[in-house]
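Welcome, and thanks for taking a look at this model. Here is a short briefing to read alongside the coordinates.

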Amino acid sequence: MSEEKKEFDMAKEDQTLDMDQAKNMTVGEAVRKDSELKAGITDDDSVLDKYIKQHHQEVVSQKFATKSAEAENLDTASLDNFIKKQREELLQSGALDDDSVASADDWLDVSDQTYKQEEVFIEPEESPLTTSTKETFSHRSLDTSDSFLEKTDCGTKKKSKKKKLWFLFILLLLILGLVFGLTFLRQSNTNSKTSSRQTSQSKSSIASKEAEKADSFNKAYKEFFTDKNQTKLKNDSFDKLDKLEENLQKLKNTSYYEKAKTKFDSLKKQISAIQAVNAKFSSDAIKNGEKVTASVKDNANFDDLKSETLKTGNARLDKLLQTVIDSGRKQVSDKTKLAQEKASQEAQAQAKAEEENKAKEGAVSAATTPAYTSPVAPASPIIYGMSPSTVPGLQRELSRVPYNNALIADQTNPAWAFNPGVLEKIVATSQARGYISGNNYILDPVNIINGNGYYNMFKPDGTYLFSINCKTGYFVGNAKGHADDLDY
């Protein structure tokens, strides 16, 4: 073992960790401090001093003579230029800043000073090393320090630069991924919102149009009534029913259609009922939901009004219709009575005149004798009607009673005679219903059944009206709704 190494080991052994200091340290700090003290490291040592002391054996093991010669012939200019060039590139790329360069320069200066301090430290010890060995050691120390600094600095810078580049690359990828994700999410949300908005707008637009059509229908529907409760119909609006139906068709395939159709059907039924009843009068008997004065037509027949027609669902209107019908029936009855009274008066006057003529002349022609006053019934009562021979083509095939020519030829049979007042009543009723006017009718003998003579009454144009029982006054035709059976 060399003398220098012995002295170095003795110096390390003199430095031990104070127990008082160890009390205030952690286990890791105490171990590290003890290692530094054993290596001879003091608080005033620089980084290079600490490195040399910690690697003392490696430094001593080198061949100082060869290294010293290489150090004397070493040209460091190219190395300096290379380091300078690398620093400039790092500065330009942003991987290294000015403060880092300044810190590295200061560290190199300190290392140079440490190298000088190392020489001062060795010489006073009167080490057996020669001057050449000292110089070689000094150059080796410098060379080792510079090599260490260069490797440490360059390696650190390269690793730092690579780490920064990798960090920037990863950060860039993360940013791009985040931007792409946010953009995609935003676009997706935008498309979803746009689609939802468009769908909502489309539905809203359709609903709005349907509501407008429903409002148009309801406004047109209200025009048919004179009151807010919609029970009194306005006659002047009846001809607008077709237009209302057009508005109804526009509501097909919408949620408003069924309700609107129910209202339309009810309105149409009410209008039909009012028109059917008003048709029995010479003028409207129901106007704007109220009963007004009107005269029934001569041929008015309220029996053909069906109950289904008069049940509209509007309670007020149903009651009004029945009231008007009752009034019309009363008018028909009154007209019939007046006609019968008038016919009876005329018959009586005619009979009186005939009796006076008989008394004066002593005989009366059979052709001028009233049918109901004679026990013998002629083929037709000339005084009360027209002769059947004057109208060819009578509708005899429609007769409710079958024709019997043999009995018709027996004109002396008392069964052909009308009972008093029977013919007058039938004629008055026919006049009131508008079947005939005045004595413009035809009576045609048909048959004798059960002792009762039957006649057919025709209009002047030969149209069949009904068959008559001249004894009872019962008459029946072919109209629907009347009795289907005769009185025999």
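What share of the 488 residues in the protein is buried? Buried residues make up 31% of them. Please keep in mind that this is a predicted model.

**Overall picture**

- The protein has 15 helices and 6 strands.
- Take the contacts between residues at least 6 apart in sequence: 62% of these join residues at least 24 apart.

**How α10 and α11 pack**

- Let's start with a helix pair: α10 spans residues 241-249 and α11 spans residues 257-278.
- Their axes are 10 Å apart, and the two helices pack at an angle of about 165°.
- Angles over 145 degrees count as roughly antiparallel, so α10 is roughly antiparallel to α11.
- The crossing in which α10 passes α11 is left-handed.
- On the α10 side, the contact is made by Leu241, Leu244, Glu245 and Leu248.
- On the α11 side, Tyr257, Ala260, Lys261, Phe264, Leu267, Lys268 and Ile271 take part.
- Sorted by class, this contact has 8 nonpolar residues, 3 charged ones and no polar ones.

- Which residues of α10 are buried? They are Leu241, Leu244, Asn247 and Leu248.
- These four lie on the same side of α10, because they cover an arc of only 110° around the axis.
- Asp242, Lys243 and Glu246 are on the other side of α10, and these residues are exposed.

**Asparagine 247**

- Asparagine 247, a residue of helix α10, has a relative accessible area of 11%.
- Buried means under 20% relative accessible area, which is why asparagine 247 is classed as buried.
- Which residues does asparagine 247 contact, leaving aside its neighbours within four places in sequence? The partners are Ser216, Phe217 and Ala220.

**Helix α15 and what follows**

- Helix α15 covers residues 422-432 and is mostly covered, with 9 of its 11 residues buried.
- The buried residues in α15 are Val422, Leu423, Glu424, Ile426, Val427, Ala428, Thr429, Ser430 and Ala432.
- After α15 comes glycine 434, which has a positive phi near 85°.

- Glutamine 230 has a positive phi, near 60°, in a residue other than glycine.
- You will find glutamine 230 in the loop between α9 (131-222) and α10.
- With a relative accessible area of 26%, glutamine 230 is partly exposed.
- Asparagine 450 is not a glycine either, yet its phi is positive at about 55°.
- Asparagine 450 sits in the loop between β3 (442-449) and β4 (452-458).
- Is asparagine 450 buried or exposed? At 65% relative accessibility, asparagine 450 counts as exposed.

- Glutamate 397 belongs to the loop between α13 (315-361) and α14 (405-409).
- Exposed means over 50% relative accessible area, so glutamate 397 counts as exposed at 63%.
- How many residues apart in sequence are glutamate 397 and tyrosine 464? They are 67 residues apart in sequence, while their C-alpha to C-alpha distance in space is 9.0 Å.

Conventions
Residues are numbered from 1 along each chain as its sequence is written. This is a predicted model: local features need pLDDT of at least 70, side-chain atom pairs count only at pLDDT 80 or more; totals for chains, interfaces and linings use all residues. Side-chain values use heavy atoms; hydrogens and water are left out. Axes are lines fitted to C-alpha atoms, for helices over the stretch in contact, and angles run from 0 to 180 degrees between N-to-C directions. Angles under 35 degrees count as roughly parallel, over 145 as roughly antiparallel, 65 to 115 as roughly perpendicular and the rest as oblique. A crossing is left-handed if the near helix is turned anticlockwise from the far one by less than a right angle, and right-handed if clockwise. Contact means heavy atoms within 4.5 Å. Ala, Val, Leu, Ile, Met, Phe, Trp, Tyr, Cys and Pro count as nonpolar, Asp, Glu, Lys and Arg as charged, and the others, Gly among them, as polar. Buried means under 20% relative accessible area, exposed over 50%, partly exposed in between (1.4 Å probe, protein chains only). The arc is that of the directions from the helix axis to the C-beta atoms.
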